[in-house]
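Visitor: I would like to learn how to read a protein model. Could you walk me through one, please?

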Amino acid sequence: MTFFGGETTSTSSSYQLLHEEEAGAFGHINVCQDVATNAIVAVKYLKRGPSNISDIVLQEVVQHRNLYHPNIMLFRKVILTETALGIVVEHAAGGNLQDYVRDSSPLQEVDARYLFQQIVVALIYLETKGVGNHGLKIENVMLDKSTPPKVKMTDVGYWKCTLDTLPKSRIGSFGYVAPEVLLNKKDVDTRKADCWSVGVILYQLLYGEHPFERPSDQEEGSVKRTLHRIVQVEYRLPAHASAVSPEALDLLQHVLVEDPVKRYSLQDMQMHPWFRKGLPSSLIKINEECLAMQEADYFVSQPSEEMVEVIKHAMLPLDNDSFDGGFGSEDYDDIDDLMDA
């Protein structure tokens, strides 16, 4: 049973490596099989040491452990290797929503709506739990293998507790960040900023492309042009836009709004006629049922105290410890410089 870098786990549970996934902002990811249960899981790795694992990481993982929802990636446990902290979560075998949209484009509107319904319901649950998803983007929405696919929200590395935290940096993919965040305005409403990201995803579900990015933006200066379109809310409807219903377009135009006060909230989206059409009965009460669950009902295979102990151990310095990325540690250019260029 091997892990990241060929190391073995120091915990009692063991996992068999099935295949490696591409490294992302979070860190290295392996798909493994739990030897004891045969369950397939995803193990996300962070390099050990104080440069990468802080109290913020601890807070975010604890927050994830306390979430239970069928449309949110389920937390399993944390483990240690000689050099990494492994965060074991549910595996979404259907891949990410970005690839699904690309391979299925154009989506039938009924399919786009069902995916969007699941995303909004999951985000309302997170909002109720005091959790924001400030790195929301289409590639962070995972799917299972069912037909039609079930959404699995992921990337706990960007989840922040909104009860006492406002964005202190403009992290996330540029193409999904709200205008007021890019412009560094004061008193940003993080919930409305997340709603903008939801609107970008809705556009992609409906039209199969990004609203503010263009193929011609691949050369130098693409980020600046994308940012300009975002702050000016300059998006166009593609040639096949006539296939999208007026009701769907109406919802989109109430979400991709520059003024966050006028921008639809998640609750507004949920009440829109297009959203309500064909809404599965299983989604209508799912949040109420999940919020009523007690912690003992969560399908988590590790006591909270043990999880905290493992993470705190992973914070301790290692030999030759150096900064090597972490939660959301992508190297971004300064947005203010880009906007002023």
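**Contacts, cores and helix pairs**

Guide: Let us begin with contacts, meaning heavy atoms within 4.5 Å. Among contacts in this chain between residues at least 6 apart in sequence, 70% join residues at least 24 apart. This is a predicted model, where local features need pLDDT of at least 70 and side-chain atom pairs count only at pLDDT 80 or more, while totals for chains, interfaces and linings use all residues. Residues are numbered from 1 along each chain as its sequence is written, and side-chain values use heavy atoms, with hydrogens and water left out.

Visitor: How many helices and strands does the chain have?

Guide: Helices (H or I, at least four residues) and strands (E, at least two) are DSSP runs, numbered from the N terminus. Here there are 13 helices and nine strands.

Visitor: What share of the residues counts as buried?

Guide: Buried means under 20% relative accessible area, with exposed over 50% and partly exposed in between (1.4 Å probe, protein chains only). Of the chain's 341 residues, 51% are buried.

Visitor: Which residues touch the most other members of the largest nonpolar core?

Guide: A nonpolar core is a set of buried Ala, Val, Leu, Ile, Met, Phe, Trp, Tyr and Cys residues joined through side-chain atoms within 4.5 Å. The largest one has 62 residues, and Leu 97, Phe 116, Met 153, Ile 201, Leu 205 and Met 269 touch the most other members. Another core, of 21 residues, lies apart from it and includes Ala 42 and Val 310.

Visitor: What does Phe 116 contact beyond its neighbours within four places in sequence?

Guide: Its partners there are Val 198, Leu 202, Leu 205, Leu 251, Met 269, Trp 274 and Phe 275.

Visitor: How do the axes of H3 and H5 cross?

Guide: Axes are lines fitted to C-alpha atoms, for helices over the stretch in contact, and angles run from 0 to 180 degrees between N-to-C directions. The axes of H3 (residues 109-128) and H5 come within 10 Å and cross at roughly 165 degrees. H3 is therefore roughly antiparallel to H5 (angles under 35 degrees count as roughly parallel, over 145 as roughly antiparallel, 65 to 115 as roughly perpendicular and the rest as oblique). In H3, Phe 116 is among the residues that meet H5, whose side includes Val 198 and Leu 205.

Visitor: And how do H5 and H7 cross?

Guide: The axes of H5 (residues 190-207) and H7 (residues 246-255) come within 9 Å and cross at roughly 150 degrees. That makes H5 roughly antiparallel to H7. Among the residues making this contact are Trp 196 and Leu 202 of H5 and Leu 251 of H7.
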